[in-house]
Amino acid sequence: MTLPNAWGATSLLLPVGLLMILGLGVLIWTYSRSRTSGGMSMLLATMKMAALLLLAICLLEPMQRFSRPEKGANLMVVMADDSQSLQMKDRGQTETRETQLKRKLNEDGDWLNKLAEDFDVRRYQFDRRLRPVSNFVGYQADQRGSDVVSNLGLVSNRFSGRPSAGIVLLTDGNLTDVEAGLDSIDWASMPPIYPVVIGKSRPAKDLGITQVTSTQTNFESAPVTITAELMAHGYAGRRIIVQLLDVTGKEVDRKEVGKVEDGRPFAVRFKTRPEKRGVNVYSVKAFALGEDDDNQTAESSGEATIVNNRRITVVDRGNGPFRVLYVTGRPNWELKFLRRAMQDEEELDLVALVRIAKREAKFSFRGNTGQKSNSLFKGFESQDDDTTEQHDEPVFLRLGTRDRNELLGGFPKDAETLFEYDAIVLDDLEAQFFTEDQKSLVQQFVSLRGGGLLMLGGQESFGSGDYDRTQIGEILPIYLDRVKPDFGAEFQLNLTREGWLQPWVRIESTEDKEKKRLASMPKFKTLNLSQSIKPGATVLASVFSQDEKEYPALVVQAFGKGRTGAMLIGDLWRWQLKSDEENEDLLKAWRQTIRWLVSDVPRRVEVEVDRKNDANRTAEIKVRVRDENYKPFDNASIAINVETPDGKTIELTGEPSDNQPGLYVANFVSSEAGAYCAKVAAASDDGSEIERREAGWVSDPDSDEFQSLEPNRQFLESLAKRSGGEVLELNELDAFVESLEYREVPIVETSSLPWWHRWTIFAFAIGLLVSEWGIRRWKGLP
């Protein structure tokens, strides 16, 4: 690198200056007396003056200064990516990216030798780990993963505080630690990064699944939607088959996509119902029509790779059953159809508390001296006064209870009992049925426990049941109007714009079918009127009266940790009575509604798997445990059995977290590719089991790495820009090493060359004098 010039004899500046002034004066006097024309005289004087000035400057000993990297004083790190994505061939290339890079590191490795002459070169190979090597003779791109960001951070930390000239990063830029992010790097201590792009931007022939996601809905016919995103190169106009396979490899569904376009992503969606609760494993496979061969290789298929033709995903359907408490003020048709809908539902348990007689005023009947129990129970076996409802107590019918003691005393009176349920449905029941403590419990059930509450319409529901200004009324999504239900008019049900967007509100799978179904529905005759909804609430269905007035029919909202809903129609049973015997639309609607009501309800034990983005592909298993009141529970014992892809079972123990109460953590290294399932059993301090839960995850480094086949130039350019480096091509490495002499490095050595030692300057000065003399002789001048 060239530095500013320096002067070696600044002490001679005054004498040389006086000498130049004297010489200039003599020249002016000499040429002023000459008979030479003005232009020629000026030219000759300038030539002689320039020569004298150049010689005078040389007397001051000007020196040109240079700097270059001091030999062996600066570090230069060379990092070679050895992940298997470099085994691909680019379109039009006869060699793989691995072969090209290996030759550049060895046979054509003069650039490395020249680099080692001036720098302390440190060589590394990396994939998910960073490994130092003495040379690249044994280089092979056969490792899984490419954690570029993490390994750059390791190199920067390892040589922090030492003079580093830069990092030569040889990679295609297809990183597998995207989650780490560039902001995780300490750019202040990072030396310049010089990414060397391996591969061409033009992708090879390939069909790949870039991503698979799953979403769960409460839509009965297809509660799980699995979406596969794909990209094809070299398959323009071909028909592509995408299969959904279960854990045994059996085909669950298949889709055919016609006339795909090169380089344009497309998506395929599967809708399915998992056969079992808990974790279900699926895989998505893609191939061109006529090329389905499990023994096919990348060479035989002509693809760049076949690793990305299949991806695994897990679907967690949760661990039921969810328990729903239905409470009604009188036997009705609604309960009949609701119980029929839940009859074969494995995930939902319906427990009904039916009041068949209200509380009566306390008095004594004549002729029944000494009888305290309600006469309704006279004649039944084992009905003594201590266990039978009294005259001043309501009479209940209990259906679907777990044992003979469940709900024996009526509606639960404490949180421990009520919080055993996941949702509550109140139907045609006045507010006075509940004590003030029970009303407060219902509110806590929604806001603190996170349960669901649904109130159905009827003559003693909503405002007609005096729920206004009660704790239960506060959590409902509508403002309660003290208006009696309208029993005379007829109302036609329809979905609102928001309702069309909710799968659990719809019955049919297509819009046209749903519109036909709505048009064929019977008109309802009982509606609890409400003119307004609360802020944050959403109207999903409305009804139109005969005079075209619109009223809300189904309103929902989130409240605290739970959710509430208001179904203001009081005679939904007409829907089933007016339908054919084989029509089960109402039953399906009930199942979907109850699933929505319990879908996000917290359980006492919940399991979450957080995949760490480290070299070991660590999975952090987090278990949250709550007590009977759904508060964090710190004295639990957690047993975890992890089922690995090869069928083995690893036993772990959850350790209490230091940061959060009720949280237990265990780390597991997902060393093998495939699906994992963690089965968790939580027990209280007395040894009694609380609950069992499952959670699953997928370790699929191969698919992550082959998500894109093109070199990630945008990422590499960002690395270079942030660090002050430069993006290079593989064939530019020799020129790059030569240019390092002129680049800034931490430690340099300087040298200087006096002008007087340059013969060109002396020759130029003599040439000016000789030329001036020759012109004068040529023109015959004195």
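A residue counts as exposed when its relative accessible area is over 50%. Ile21 comes in at 58% relative accessibility, so it falls in the exposed class. This is a predicted model, and Ile21 sits in helix 1, which covers residues 13-32. Together with Leu14 and Leu18, Ile21 makes a nonpolar surface patch of about 340 Å².

## The chain as a whole

Zooming out, the chain has 782 residues, and 49% of them are buried. Its secondary structure comes to 18 helices and 32 strands. Take the contacts between residues at least 6 apart in sequence: 74% of them join residues at least 24 apart. As for the surface, the chain exposes about 39100 Å², with 48% of that supplied by carbon and sulfur atoms.

## Strand 29 and its two partners

Strand 29 (residues 674-683) is largely enclosed by the rest of the structure, since nine of its ten residues are buried. It pairs with strand 26 (residues 637-643) through seven bridges, and the two run antiparallel. In that pairing, Ile638 stands opposite Ala682 of strand 29.

Strand 30 (residues 689-699) is also an antiparallel partner of strand 29, this time over ten bridges. Here Ala681 faces Arg692 of strand 30. Strands 29 and 30 form a hairpin with five residues between them, and in that hairpin Gly687 takes a positive phi near 90 degrees.

## Two nonpolar cores

The largest nonpolar core holds 85 residues, and the members touching the most others are Phe411, Leu453 and Ile569. Helix 14 (residues 585-598) gives this core its largest share, eight residues. Setting aside neighbours within four places in sequence, Leu453 has contacts that include Ile424, Leu426, Val442, Val446, Ile472 and Leu597. Arg563, Thr564 and Gly565 are also among the residues Leu453 contacts.

Apart from this core lies another one, of 27 residues; its members include Leu101, Phe119, Tyr194 and Phe736.

## Helix 5 and what covers it

Helix 5 (residues 148-158) has a buried set made up of Val148, Val149, Asn151, Leu152, Gly153, Val155 and Ser156. What lies over these residues? The cover includes strands 3 (75-81), 4 (120-126), 5 (130-133), 6 (164-171) and 7 (193-197), along with helix 16 (713-723).

Pro69 belongs to strand 2 (residues 62-69). Its relative accessibility is 3%, so Pro69 is buried. How far apart are Pro69 and Leu740 in sequence and in space? They are separated by 671 residues along the chain, yet by 8.1 Å from C-alpha to C-alpha. Leaving out residues up to four places away in sequence, Pro69 touches Asn74, Phe119, Leu740, Glu741, Val745, Ile747, Val748 and Glu749.

Thr225 is found in strand 9 (residues 224-233). With a relative accessible area of 11%, Thr225 is buried too. Beyond residues up to four places away in sequence, Thr225 touches Thr213, Ser214, Thr215, Arg269, Phe270 and Lys271.

Definitions and conventions:
Residues numbered from 1 in each chain as written. Predicted model: local features only at pLDDT ≥ 70, side-chain atom pairs only at ≥ 80, totals over all residues. Heavy atoms only, no water. Buried < 20%, exposed > 50% of the residue type's maximum accessible area, 1.4 Å probe, protein only. Helix = DSSP H or I, 4+ residues; strand = E, 2+ residues; numbered from the N terminus. Pairing = 2+ DSSP bridges. Contact = heavy atoms within 4.5 Å. Core = buried A, V, L, I, M, F, W, Y, C linked by side-chain atoms within 4.5 Å. Patch = residues over 30% accessible without salt bridge, like charges linked within 9 Å, V, L, I, M, F, W, Y side chains within 5 Å. Areas by Shrake-Rupley, 256 points an atom, 1.4 Å probe, with all protein chains shown as cover. Salt bridge = Lys/Arg side-chain N within 4 Å of Asp/Glu carboxyl O.
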